Amino acid sequence: MKAAVCYEFGKPLVIEEVTLDPPGKGEVKIRLTAVAICHSDIHAIKGEHGRPPLPAIPGHEISGYVEETGEGVTYVKSGDPVVASIIPEGCGQCYYCRIGLSSQCTTNRLYLNGEGKFTNKKGQRLTQFAGAVAGFAEYAVIPEVNLVKIPEDLPMDSACLLACGVISGFGAVMNRARVAPNSSVAVLGCGGVGLNAIQGAVFAGAYPVIAVDVRDGKLATAKVFGATHTVNAKTEKDPVKKVHEITYGRGADNVIVAVMGLDILRQGFMMSARDGTTVIVGHGYDEKLSDFSPLDFMMGKKLTGSAMGAVRLRIDIARLIELYKTGRLKLDELISGRYPFEKISEAFASSEKGDVIRNVIMF
Ligand SMILES: [Zn+2]
Ligand SMILES: [Zn+2]
């Protein structure tokens, strides 16, 4: 079997033959059908999202079919279609699971840069950028708790997007900001995550829904996903002032920052209203907050984070699938291009430029 391996940060991935461990206790072997290129993958292979020991396999927006199950696996059986996410299902037993916050489960934890299941031809063990999940490979062995069963009739290329981009954006709105009807939302960064924050805000009944980006193409796409206003942060003289104008002088009640960069985070925070909430989604390796003062928070402004949309994995994805099936969630529209595995470097290069939302590798 083949995998795409990172041997050096900032260099293209190398597709090569690898061997994969058999599934152990609680693990499942998946035959991948599709994996999307998330912006986190682009950051990861540049060393901008932590630096695991190399060689390492990236990739984490996965759909596929169960090939084989390890000891004790009961949730899936061979042949089941699934998506795999880096955030696991909660254990159901710990304090946080019992109070309904399974995304904070202290037993089944989200981790990055984990030990891998792969060995290359030289006998080196490969690490995995996305912890429990490795997506740029024909097969993967993944813990059962990271899997969500999906309906047989869901297109597998669109389904893989549910595993990260969709839940990260939609979840930031629903589970972290808890956007209320008629409240205002500004979304900074209109990529795969930001567009899902926008469609989540529309679904939550927000108005206005303001898309902020530096590319006009992305702002045009944001309108398709339901943004009522757009602000080009490059050409607009004062984007913070502009967002205040659109929100009747108050600032946005909810700000979702779906792009990396502390200056952008600061800008998003300044766009927020009194008592408003700013949710950090985009983040970079080694970033340190320094540009905030205690006085910034005296008007009741809140700054919080959202890992994978604080998703309740198997509940939220099942609900999102229902919305998709009834035409209320755009998934197919998030796919910009489909590439065979051999052309993964081409897919990466395309993802880095222009107005690409998600390129999907098809196996
Ligand atoms: Zn991702
Ligand atoms: Zn738990």
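**Exercise 1.** Is phenylalanine 341 buried or exposed in this predicted model?

Solution. Step one: the relative accessible area of phenylalanine 341 is 4%. Step two: buried means under 20%, so phenylalanine 341 is buried.

**Exercise 2.** Find the aromatic pair formed by phenylalanine 341 and state which parts of the chain the pair ties together.

Solution. Step one: phenylalanine 341 pairs with phenylalanine 363, at 4.9 Å centre to centre and with 50° between the planes, which makes the pair tilted. Step two: phenylalanine 341 lies in the loop between strand S17 (335-340) and helix H10 (344-352), while phenylalanine 363 is in the segment after strand S18 (358-362), so the pair ties together parts that are 22 residues apart in sequence. Step three: phenylalanine 363 has 34% relative accessibility and counts as partly exposed.

**Exercise 3.** Describe the site of the zinc ion (ligand 2).

Solution. Step one: the protein donors are the SG atoms of Cys91, Cys94, Cys97 and Cys105, at 2.3 to 2.4 Å from the zinc ion. Step two: along the chain these donors have the spacing C-x2-C-x2-C-x7-C. Step three: the angles among the four donor atoms are 104 to 117°, and the site is tetrahedral. Step four: cysteine 97 is buried at 13% relative accessibility, whereas cysteine 91 is partly exposed at 23%.

**Exercise 4.** Which strands stand at the edges of the open sheet of five strands?

Solution. Step one: the order is S1-S2-S7-S8-S4, with mixed pairing. Step two: S1 (2-5) and S4 (56-57) each have a single partner strand, so they stand at the edges. Step three: S1 runs antiparallel to S2 (residues 14-20), joined by four bridges; alanine 3 has glutamate 16 in S2 as its bridge partner.

Terms used:
Residues numbered from 1 in each chain as written. Chains lettered and ligands numbered in written order. Predicted model: local features only at pLDDT ≥ 70, side-chain atom pairs only at ≥ 80, totals over all residues. Heavy atoms only, no water. Donors = N, O, S within 2.8 Å, 3.2 Å for Na, K, Ca; no water. Tetrahedral: all angles 85-135°; square planar, octahedral: opposite > 155°, others 65-115°. Buried < 20%, exposed > 50% of the residue type's maximum accessible area, 1.4 Å probe, protein only. Pairing = 2+ DSSP bridges. Helix = DSSP H or I, 4+ residues; strand = E, 2+ residues; numbered from the N terminus. Phe/Tyr/Trp six-rings, centres within 6.5 Å; stacked < 30°, edge-to-face > 60°.
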